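Here is a friendly walk through one protein fold, written for someone who likes to see how the pieces pack. Please keep the viewer open as you read.

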Amino acid sequence: MVKSVLIIDDALFMRHALKLMLENNGYQVVGEAENGLVGIQKYEELRPDIVTMDITMPEMDGITAIKKIKAIDAAATIIVITAMSQQSCVMEAIGCGAKGFIVKPFKEDHVLKTMSSL
């Protein structure tokens, strides 16, 4: 079964790189969002199997977006993808319900291993 993915990240190049990586490895990227606010709307509309979530974004940060998505769907599978300097935020995100995290800059094999473990 092909897993659907929603990518939430304010950096267009990061969304593009992640989308190519995932699609080349059998995932279906059903949507992209440039901030947490848009991400929540897309989550409600698309109900993907997996959400990748950046932490630091304009409009609404990833921690707030995780909380709101989990309020909509407690079973939502969210993976945080963020820079190492945000380590304390990663722990908070896990506490809010994120299933795992990937540190930027990421390597393809690590992303795929993390995604397949869900």
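Which residues does threonine 52 touch, not counting residues up to four places away in sequence? In this predicted model, the list runs Val5, Leu6, Ile7, Ile8, Leu18, Ile79, Ile81 and Met115. Threonine 52 sits in strand 3 and is buried, with a relative accessible area of 2%. That residue is a handy place to start, and the sheet around it comes next.

Five strands form an open sheet in the order 2-1-3-4-5, with parallel pairing. Strand 2 (28–33) and strand 5 are at the edges with a single partner strand each, so one side of each has no neighbour in the sheet. On average, neighbouring strands are turned by 20° against each other, direction ignored. As background, strands of a sheet pair through backbone hydrogen bonds, either parallel or antiparallel.

The table lists the pairings with their bridge counts.

| Strand pair | Sense | Bridges |
|---|---|---|
| Strand 1 and strand 2 | parallel | 5 bridges |
| Strand 1 and strand 3 | parallel | 4 bridges |
| Strand 3 and strand 4 | parallel | 3 bridges |
| Strand 4 and strand 5 | parallel | 5 bridges |

Isoleucine 7 has glutamate 32 of strand 2 as its bridge partner. Towards strand 3, leucine 6 stands opposite valine 51 and isoleucine 8 stands opposite methionine 53. Methionine 53 in turn has valine 80 of strand 4 as a bridge partner, and alanine 83 stands opposite lysine 104 in strand 5.

Is strand 1 enclosed or left open by the rest of the structure? Because 5 of its 5 residues are buried, strand 1 is largely enclosed.

**Crossovers and helices**

From strand 1 the chain passes through helix 1 to strand 2, in a right-handed β-α-β crossover. A right-handed β-α-β unit is likewise made by strand 3, helix 3 (residues 62–72) and strand 4.

Helix 1 (residues 12–23) holds arginine 15. Is this arginine buried or exposed? Arginine 15 is buried, with a relative accessible area of 10%.

In helix 2 (residues 36–46), the buried residues are Gly36, Val38, Gly39, Ile40 and Tyr43. What covers them includes strand 1, strand 2, strand 3 and helix 3. At the start of helix 2, a side-chain oxygen of asparagine 35 comes to within 2.9 Å of the backbone nitrogen of leucine 37. Just after the helix, arginine 47 takes a positive phi of about 45°.

Helix 5 (residues 108–116) lies across strand 1, strand 3, strand 4 and strand 5, and runs at about 170° to strand 5.

**The nonpolar cores**

Which members of the largest nonpolar core touch the most other members? Of its 23 residues, these are Ile8, Met53, Ile66 and Ile69. Strand 1, helix 2, strand 3, helix 3, strand 4 and helix 4 (87–95) each give two or more residues to this core, and helix 3 provides the largest share, 4 residues. Apart from this core lies another of 17 residues, among them Ala11, Met21, Tyr27 and Ile102.

Isoleucine 8 shows what such a position looks like in detail. Leaving aside neighbours within four places in sequence, isoleucine 8 is in contact with residues including Ala33, Gly39, Val51, Met53, Met57 and Ile69. In general terms, nonpolar side chains tend to be buried together in soluble globular proteins.

Key: Residues are numbered from 1 along each chain as its sequence is written. This is a predicted model: local features need pLDDT of at least 70, side-chain atom pairs count only at pLDDT 80 or more; totals for chains, interfaces and linings use all residues. Side-chain values use heavy atoms; hydrogens and water are left out. Two strands pair if DSSP finds at least two bridges between them. A crossover is right-handed if, with the strands pointing away from the viewer, the path from the first strand over the helix to the second runs clockwise. Axes are lines fitted to C-alpha atoms, for helices over the stretch in contact, and angles run from 0 to 180 degrees between N-to-C directions. Contact means heavy atoms within 4.5 Å. Buried means under 20% relative accessible area, exposed over 50%, partly exposed in between (1.4 Å probe, protein chains only). A polar contact is a pair of N or O atoms within 3.5 Å; within protein, one must be able to donate a hydrogen and the other to accept it, and residues adjacent in sequence count only if both atoms are side-chain atoms. A nonpolar core is a set of buried Ala, Val, Leu, Ile, Met, Phe, Trp, Tyr and Cys residues joined through side-chain atoms within 4.5 Å.
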